[in-house]
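Me: I am new to reading protein models. Can we go through one together, feature by feature?

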Amino acid sequence: MIVGIFGTWDFNFLEKPEMTYMRKLEDNPLYPFDEIASGIFVLEVQSARMWVALLSIVITIIVCATSYINSPLDQYFIFLLAPIFIAAYAAYFYQGWRRIVLNPSGEEYEFHRKNKLVYRGHIHNAYIRLKGQKSANNDLYLNIVFDAYNCEEVVLTSGSMNLTKLRKLGRRLAQRLDINYFDFNDRSKYHDVRHKCPYAC
């Protein structure tokens, strides 16, 4: 499945994030992946970092223009130009589509950037995880994410405090993709490890 820059983002503020994601899974039980062959799953996504970098360029240009519109350039001007070059490099680096191919039966996954193979690794390093972050009020907000070694993380849901529901949805997706699931705690009885490191003693 080709997922645009905002494809995995939830903009329905009237609906809980877990319900939004559940609806997506009803339309496609593997969302955001597609099964292109028996047991082979593919996801194509754009990196959000490219858009963040482009937005940074625009903001920096506006700050430069407003700062020096009625005053001459000074020696500190370079400090305003530096973020533009850094953001431009980041936008160039993160442009283009990312393609993730899961092949659990072949015990491997691939990460492609701009149709170029960046990394091929063992399937135990690709997983669904529940990530948690505490707010200033000490509330725990959770997201379902897909991640893998040498691969860019893909956030699948907005933040939600419904631990039980998100855990159930994350485990179900990992089961359908036949990859590992990890809970937000490093030590948890809810981990679901299907593939172990073949190099471990």
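**Reading the model step by step**

Reply: Start with the order of elements: along the sequence, this predicted model runs β-α-β-β-α-α-β-β-β-β-β-β-α-β.

Me: How many helices and strands are there in the protein?

Reply: Count each kind of element separately. The protein has four helices and ten strands.

Me: How much of the protein counts as buried?

Reply: A residue is called buried when its relative accessible area is under 20%. Here 38% of the 201 residues count as buried. The protein exposes about 12,000 Å². Carbon and sulfur atoms supply 57% of that area.

Me: What share of the contacts joins residues 24 or more positions apart?

Reply: Take the contacts with a separation of 6 or more. Residues 24 or more positions apart account for 49% of them.

Me: Which residues of the largest nonpolar core touch the most other members?

Reply: Look for buried nonpolar residues joined through their side chains. The largest such core has 31 residues, and Phe33, Ile100, Leu102, Ile128, Phe146 and Leu177 touch the most other members. Several elements each supply at least two residues of this core, among them helix H1 (17–27), strand E4 (97–103) and strand E8 (140–148). Helix H4 gives the largest share, five residues.

Me: Where is a second, separate core?

Reply: Look for Ile57, Ile84, Ala87 and Ala91: they belong to a second, separate core of five residues.

Me: Back to Ile128. What does Ile128 touch?

Reply: Leave out residues up to four places away in sequence. Ile128 then touches, among others, Ile144, Phe146, Leu173, Leu177 and Phe182.

Me: Which residues make a nonpolar surface patch?

Reply: Leu55, Ile59 and Val63 make one of about 260 Å². Ile59 sits in helix H2 (residues 48–68). Ile59 is partly exposed because its relative accessible area is 46%, which falls between the cut-offs of 20% and 50%.

Me: Which peptide bond is cis?

Reply: Check omega. The bond from Tyr31 to Pro32 is cis, with omega near 10°. Pro32 lies in the loop between H1 and strand E2 (34–37).

Me: What is phi at Asn115?

Reply: Asn115 is not a glycine, yet its phi is positive, about 65°. Asn115 is in the loop between E5 and strand E6 (116–122). Asn115 is exposed, at 79% relative accessible area.

Me: And Asn150: what is its phi?

Reply: Phi of Asn150 is positive too, near 60°. Asn150 lies in the loop between E8 and strand E9 (154–155). With 40% relative accessibility, Asn150 is partly exposed.

Technical notes:
Residues are numbered from 1 along each chain as its sequence is written. This is a predicted model: local features need pLDDT of at least 70, side-chain atom pairs count only at pLDDT 80 or more; totals for chains, interfaces and linings use all residues. Side-chain values use heavy atoms; hydrogens and water are left out. Patches are made of residues with over 30% relative accessible area and no salt bridge: like charges are joined within 9 Å, nonpolar side chains (Val, Leu, Ile, Met, Phe, Trp, Tyr) within 5 Å. Accessible areas come from the Shrake-Rupley method with a 1.4 Å probe; for residues, only the protein chains shown count as cover. A salt bridge is a side-chain nitrogen of Lys or Arg within 4 Å of a carboxyl oxygen of Asp or Glu. Buried means under 20% relative accessible area, exposed over 50%, partly exposed in between (1.4 Å probe, protein chains only). Contact means heavy atoms within 4.5 Å. A nonpolar core is a set of buried Ala, Val, Leu, Ile, Met, Phe, Trp, Tyr and Cys residues joined through side-chain atoms within 4.5 Å.
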